[in-house]
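The following exercises are meant to be worked through with the sequence and the structure at hand. Each task is followed by a solution in steps.

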Amino acid sequence: MPPAPVISCRGLSMSYGDHLVLDGIDLEIHRGQVVALLGPNGAGKTTTVEILEGFRQPSSGEVTVVDQAPTTAPEAWRARVGVVLQSWRDHGTWRVADLIEVMGAYYAPYTTAQVQRPWPTAELLARVGLAEHARQRIDKLSGGQRRRLDVAIGLVGRPEVLFLDEPTTGLDPAGRRDVHDLVADLADLDTTVLITTHDLAEAEKIADRLLILAGGRIVADGTPDALRLQLSRSSEVRLRDRATGEVSVHAEADPTAYLTQVLTSRPGEVEVLEVRAASLEDVYLDVVQRSGATDPDTRPTLDPTPLEALR
């Protein structure tokens, strides 16, 4: 019998007044997966994640995260779920290790025979690449180091599921690489990671599964490569004529058949040919537009959030 999913939704719906944001979402995510949730502005990504985190009550449907309904789960359930927001408003004068010690103390009562909580500070800081910065003030960390600290805070209770909101917003390339490497390491810990991002290149790099949310529904679900193969309707074929040097561009659903036909009918006439498969961005925009969503823009517009009070 296959293991139960770590995250499960059945008929998940959410309305704000007359506005239907989520329309009957069915979803399963299993242990150790790194999943990126994508979608246009107003698609309901933030609403979906906040329901999974237990900060919103859905209008209808069934939701479980590590065997519990998030909005009614006991306090011990919180120790099994980590949340990393886009930014924290903590005191910059704190030392890195001191903050982790204070945050970790919350989880001590939730130690079990299977999981020792909290994660020992020195071991956790080594795992996230901050061992050398344990006594450094938080306001002296670089952007990448600061994001690693955010992740350490999310991990201090040894969660089974980690929610990451826009993990590299505002970081320079080095900081982005640091966070990408860290997310990859989390898979080794058998931690399930759900990321919300508007950065398609980032999603393709660090996630082994992509979910595209549009029109209140999951309209695509699969690995980056699988989505490109399944959902792209055409490839771009460029041909340069040997005699004239002119370049022609064609969109072809079956580029192999088209090239065979061209090379058979025009032997020796084509000097250069190039086939460009659809990119993830091409697929994303096409899927969103076909879903009826009116704004495939990738700039973030967040749903109203009750989390402000917690920041």
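Helices (H or I, at least four residues) and strands (E, at least two) are DSSP runs, numbered from the N terminus, and two strands pair if DSSP finds at least two bridges between them. The model is predicted: local features need pLDDT of at least 70 and side-chain atom pairs count only at pLDDT 80 or more, while totals for chains, interfaces and linings use all residues. Residues are numbered from 1 along each chain as its sequence is written, and side-chain values use heavy atoms, with hydrogens and water left out.

**Exercise 1. The open sheet**

Task: State the order of the six strands in the open sheet, and identify its edge strands.

Solution. 
Step 1. The order is β5-β6-β7-β3-β8-β9, and the pairing is mixed.
Step 2. β5 (81-84) and β9 (217-222) are the edge strands, since each of them pairs on one side only.
Step 3. On average, neighbouring strands of this sheet are turned by 20° against each other, direction ignored. Axes are lines fitted to C-alpha atoms, for helices over the stretch in contact, and angles run from 0 to 180 degrees between N-to-C directions.

**Exercise 2. Strand β10 and its partners**

Task: Describe the two faces of β10 and find the strands joined to β10 by bridges.

Solution. 
Step 1. In β10 (residues 235-241), the covered face consists of Ser-235, Val-237, Leu-239 and Asp-241. The uncovered face holds Glu-236, Arg-238 and Arg-240.
Step 2. β10 and β11 (residues 247-252) run antiparallel and are joined by six bridges; Ser-235 has Glu-252 of β11 as its bridge partner.
Step 3. The hairpin of β10 and β11 has five residues between the strands, and Gly-245 takes a positive phi near 75° there.
Step 4. Six bridges also join β10 to β12 (residues 270-276), again antiparallel. Leu-239 has Leu-273 of β12 as its bridge partner.

**Exercise 3. Thr-192 in its surroundings**

Task: Decide whether Thr-192 is buried or exposed, and name residues that it touches.

Solution. 
Step 1. Buried means under 20% relative accessible area, exposed over 50%, and partly exposed in between (1.4 Å probe, protein chains only).
Step 2. Thr-192 belongs to strand β7 (residues 192-196). Its relative accessible area is 1%, so Thr-192 is buried.
Step 3. Leaving out residues up to four places away in sequence, Thr-192 touches Val-6, Ile-29, His-30, Arg-31, Gly-32, Gln-33, Glu-160, Val-161 and Leu-162.
Step 4. Thr-192 and Val-34 are 158 residues apart along the chain, yet their C-alpha atoms are separated by 6.0 Å.

**Exercise 4. Backbone features in loops**

Task: Locate the cis peptide bond, and give the phi values of Val-66 and Glu-166.

Solution. 
Step 1. The cis peptide bond joins Arg-117 and Pro-118, with omega about -5°. Pro-118 is placed in the loop between α3 (96-105) and α4.
Step 2. Val-66, a residue other than glycine, has a positive phi near 40°. It is found in the loop between β4 (60-65) and α2 (75-78), and its relative accessibility of 3% makes it buried.
Step 3. Glu-166 is not a glycine either, and its phi is positive at about 45°. Glu-166 sits in the loop between β6 and α6 (173-188) and counts as buried at 11% relative accessibility.

**Exercise 5. The whole chain**

Task: Give the number of helices and strands in the protein chain and the share of buried residues.

Solution. 
Step 1. The protein chain has ten helices and twelve strands.
Step 2. Of its 311 residues, 45% count as buried.
Step 3. Among contacts between residues at least 6 apart in sequence, 68% join residues at least 24 apart.

Conventions
Contact means heavy atoms within 4.5 Å.
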